[in-house]
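Me: Can you walk me through this model? Keep it quick.

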Amino acid sequence: MKIRDTEGLEKYIEQKLKNYWTPEQIAGRLKWKCGETIISAKSIYAYVYGFQGQHLCQYLTYKRYRRNRGAIRKRGWGKTIKNRVFIDNRPTVVNERTRFGDFEADTLGAIRTDKEVLTGMTERISRFLLLQKVSRLKYSMDGFKKSLNPYHNLVQTVTLDNGVENHRHEELNIATYFCHPFSSWEKGTIENLFGRLRRFIPKKKSLKNYSPEKISAIMDIMNNTPRKCLDYRTPAEVFKEQLSSPSVALEGKM
């Protein structure tokens, strides 16, 4: 269903967004009311990020306006990543968050003005965060590998975006899946954590001022803060619990 072609639907979505509902909440509420899927969260995001819905971006949890496509091409976002598998083909168990070892990954840094980059990975069940600082965006995969190295035998999948730095994804030797272009919300767990990380590393703040020790301290704070989605346990507690579970131990030996 096209939002622009359905006046009542367009008004409903606009009203709920202005009440600070997320696209997921709007889509879910409509399904609950009508007994069937009326519109997907992905379609609502596409509408808001399009020309007709740009004025509604301000009501999203993470505000994003239309990117400059020339800048995107310059940064290499349009380049083809070899052997890329899109998220549609990711095992359904990943979406269910019932299996330990499925990770999401992303990078953080003012790459236009600051060469250093922070790589971040999170395990989807525990929300446990792994951070590494690398000297250049092109070395992001090295940061991901370093983060995962202690747990490599237990890692099931990694979900990435289409940044050119991820063209080396096969070096992980792990099943990797990619969000659709310009659809970063498809790896919402790491996006959420990066939003929380901005309390410690504000936008446009140079990473030169953050030593590995300081980054490690920030990571410890975030991993030892209770989360509502974890029934107020901490990511560190849930991660440790999952590591010690018999099923995970068995998978690690296979």
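**Sheet, burial and salt bridges**

Reply: Phe-103 stands opposite Val-158 in E4. This is a predicted model: local features need pLDDT of at least 70, side-chain atom pairs count only at pLDDT 80 or more, and totals for chains, interfaces and linings use all residues. Residues are numbered from 1 along each chain as its sequence is written, and side-chain values use heavy atoms, with hydrogens and water left out.

Me: What stands opposite Phe-103 in E2?
Reply: Glu-123.

Me: How many helices and strands are in the protein chain?
Reply: There are 10 helices and five strands. Both are DSSP runs, numbered from the N terminus: helices are H or I with at least four residues, strands are E with at least two.

Me: In what order do the strands sit in the sheet?
Reply: E3-E2-E1-E4-E5, in an open sheet with mixed pairing. Two strands pair if DSSP finds at least two bridges between them.

Me: Which strands stand at the edges?
Reply: E3 (129–134) and E5 (175–178). Each has a single partner strand, so one side of each is left without a neighbour in the sheet. Neighbouring strands are turned by 25° against each other on average, direction ignored. Axes here are lines fitted to C-alpha atoms, for helices over the stretch in contact, and angles run from 0 to 180 degrees between N-to-C directions.

Me: Which pairs are parallel or antiparallel?
Reply: E2 (residues 117–123) and E3 are antiparallel over six bridges. E1 and E2 are antiparallel, also over six bridges. E1 (residues 102–108) and E4 run parallel over three bridges. E4 and E5 are parallel over four.

Me: Which residue in E3 is the bridge partner of Val-117?
Reply: Val-134. On that side of the topic, helix H8 (residues 212–223) packs on the sheet and touches E2 and E3. The direction of H8 makes about 165° with that of E3. Contact means heavy atoms within 4.5 Å.

Me: Is E1 enclosed or open?
Reply: Seven of the seven residues of E1 are buried, so E1 is largely enclosed by the rest of the structure. Buried means under 20% relative accessible area, exposed over 50%, partly exposed in between (1.4 Å probe, protein chains only).

Me: Which residues of E1 sit on which side?
Reply: Asp-102, Glu-104, Asp-106 and Leu-108 are on one side. Phe-103, Ala-105 and Thr-107 are on the other. In a regular strand the side chains alternate between the two faces of the sheet.

Me: And E4, what covers that out?
Reply: Both faces of E4 (residues 157–160) are covered. Thr-157 and Thr-159 are buried on one side, Val-158 and Leu-160 on the other.

Me: New topic. How many salt bridges does a search of the whole structure find?
Reply: 13. The cut-off is a side-chain nitrogen of Lys or Arg within 4 Å of a carboxyl oxygen of Asp or Glu.

Me: What about Lys-187 and Asp-106?
Reply: Their side chains meet in a salt bridge, 2.7 Å from N to O. Lys-187 lies in the loop between E5 and helix H7 (188–197) and Asp-106 in strand E1, so the pair ties together parts that are 81 residues apart in sequence.

Me: Are Lys-187 and Asp-106 buried or exposed?
Reply: Both are buried.

Me: Where do Glu-14 and Lys-18 lie?
Reply: Both lie in helix H1 (residues 7–18), four residues apart, about one turn of the helix.
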